[in-house]
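Thanks for coming. I will go through a few local features of one model and then stop for discussion.

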Amino acid sequence: MYSKCCSIEYAQQAFNELSDKNAQSWNTMLSAYSQKGLFEKTFQMLDVMPDPNAVSYNSIISSLTHHGFPRKAMGFFKRMQTQCGSGFLIDEFTVVSVVNTCAGLGALHLLRELHGLATVIGVRFNLVVCNALIDAYGKCGKPGYSYSIFCQMCETDVFSWTSLLVAYIRASRMPDVCSLFDHMRIRNVVAWTALITGFAQNGEGDKALFNTLVDMYSKCGDMISAMRLFERLDEKDRVTWNSIINGFAQNGNGVMSLFMFEKMIKTDTTPNHVTFLGVLSAYSHCGLLPE
């Protein structure tokens with residue numbers, strides 16, 4: 001309780017007064033010190049702990065990586081395995097911690113070895129483990145591996161999608177980025193920021209950035225901001241027009257959507273199936289049937 005309330009001194013005092021210290025009490029103190037970055041004290045406790053287990057090492061490895069010491073974290077993972085003798089001391093939490101360490105080091109070879117080891121010994125590849133692997137392979141420059149894991153997942157969340165999105169952005173695979181983004185069920189601020197940053201970093205130009213922002217504001221229901229950006233862009237392409245047409249339609253303003261469609265036709269911009277889906281939606285909101 002004291003350790004969770006950031007009162008390490010009181011936690012240490014309570015720990016010292018325990019007549020029978022078990023693994024949980026030792027691990028609680030190890031976690032408290034390591035999470036605050038007090039590694040000298042953490043290492044001292046680990047050295048005198050009777051039987052350190054996977055929980056003990058997982059806390060230290062995770063905290064070292066979090067505080068910017070991935071090489072030290074990898075050293076503790078190796079020490080962890082040495083303690084186990086001929087077997088392997090590893091569970092899902094170990095995998096997540098060491099996968100993040102490999103990502104921090106950009107150590108693809110070690111990452112693949114760990115992935116293979118976890119598979120062989122039967123570690124359960126739950127949502128958290130898979131998300132960590134997607135992120136790590138992306139940081140190591142292998143978005144194809146990230147995608148392979150993503151496709152094998154029984155369940156995904158917004159972090160799964162965003163991690164894969166960022167993996168493609170790091171590899172400058174912008175067509176894949178756009179395709180994935182279009183299929184995302186939930187788009188959070190991280191995903192939008194990653195997409196916009198990706199366009200900027202990969203030299204896609206002002207038009208791509210404007211189109212992305214118009215689409216973002218439209219999907220967020222802020223059509224005033226979407227129109228302001230739309231009007232600022234001198235050379236509008238079909239993507240720009242589709243974003244604003246569909247934006248008004250999806251936000252229930254069918255009249256404005258049809259008005260923008262008419263303006264699009266007057267500029268000799270050729271509509272496509274995305275345009276017509278927006279137009280049909282606009283007619284629906286207006287209570288009309290397309291002629």
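Thr269 counts as buried, because its relative accessibility is 15% and the cut-off for buried is under 20%. Keep in mind that this is a predicted model. Thr269 sits in the loop between α16, residues 254–266, and α17, residues 273–286. What does Thr269 touch, if we leave out residues up to four places away in sequence? The list is Asp237, Arg238, Trp241 and Met264.

Next, the largest pocket. The space in the largest pocket comes to about 620 Å³. It is lined by 27 residues, and the closest to the centre are Asp182, Asp215, Lys219, Val239 and Ser243. Which elements give two or more residues to this lining? They are α11 (174–183), α12 (189–201), α13 (205–219), α15 (238–250) and α17. The most comes from α15, which gives 8 residues. Sorted by class, the lining of the largest pocket holds 12 polar, 10 nonpolar and 5 charged residues.

Asn131 belongs to α8, residues 127–139. Asn131 is buried because its relative accessibility is 5%, against the cut-off of under 20%. With neighbours within four places in sequence set aside, the contacts of Asn131 are Met153, Asp157, Phe159, Ser160 and Ser163.

Last, helix α2. This helix has 13 residues, 23–35, so at 1.5 Å a residue it should span 18 Å. The C-alpha atoms at its ends are 18 Å apart, so the two values agree. At the start of α2, a side-chain oxygen of Asn22 comes to within 3.2 Å of the backbone nitrogen of Gln24. After α2 comes Gly37, with a positive phi near 80 degrees.

Which residues of α2 are buried? They are Ser25, Trp26, Asn27, Met29, Leu30, Ser31, Ala32, Tyr33 and Ser34. As background, an α-helix has 3.6 residues a turn, so residues three or four places apart point the same way.

Definitions and conventions
Residues are numbered from 1 along each chain as its sequence is written. This is a predicted model: local features need pLDDT of at least 70, side-chain atom pairs count only at pLDDT 80 or more; totals for chains, interfaces and linings use all residues. Side-chain values use heavy atoms; hydrogens and water are left out. Helices (H or I, at least four residues) and strands (E, at least two) are DSSP runs, numbered from the N terminus. The expected span of a helix is 1.5 Å times one less than its number of residues. Buried means under 20% relative accessible area, exposed over 50%, partly exposed in between (1.4 Å probe, protein chains only). A polar contact is a pair of N or O atoms within 3.5 Å; within protein, one must be able to donate a hydrogen and the other to accept it, and residues adjacent in sequence count only if both atoms are side-chain atoms. Contact means heavy atoms within 4.5 Å. On a 1 Å grid over the protein atoms alone, a cavity is a set of points where a 1.4 Å probe fits but cannot get out, and a pocket is an open set with protein on both sides within 12 Å along at least five of seven lines; lining residues have an atom within 4 Å of a point. Grid points are joined across faces, edges and corners, and a volume is the space filled by probe spheres set on the points. Ala, Val, Leu, Ile, Met, Phe, Trp, Tyr, Cys and Pro count as nonpolar, Asp, Glu, Lys and Arg as charged, and the others, Gly among them, as polar.
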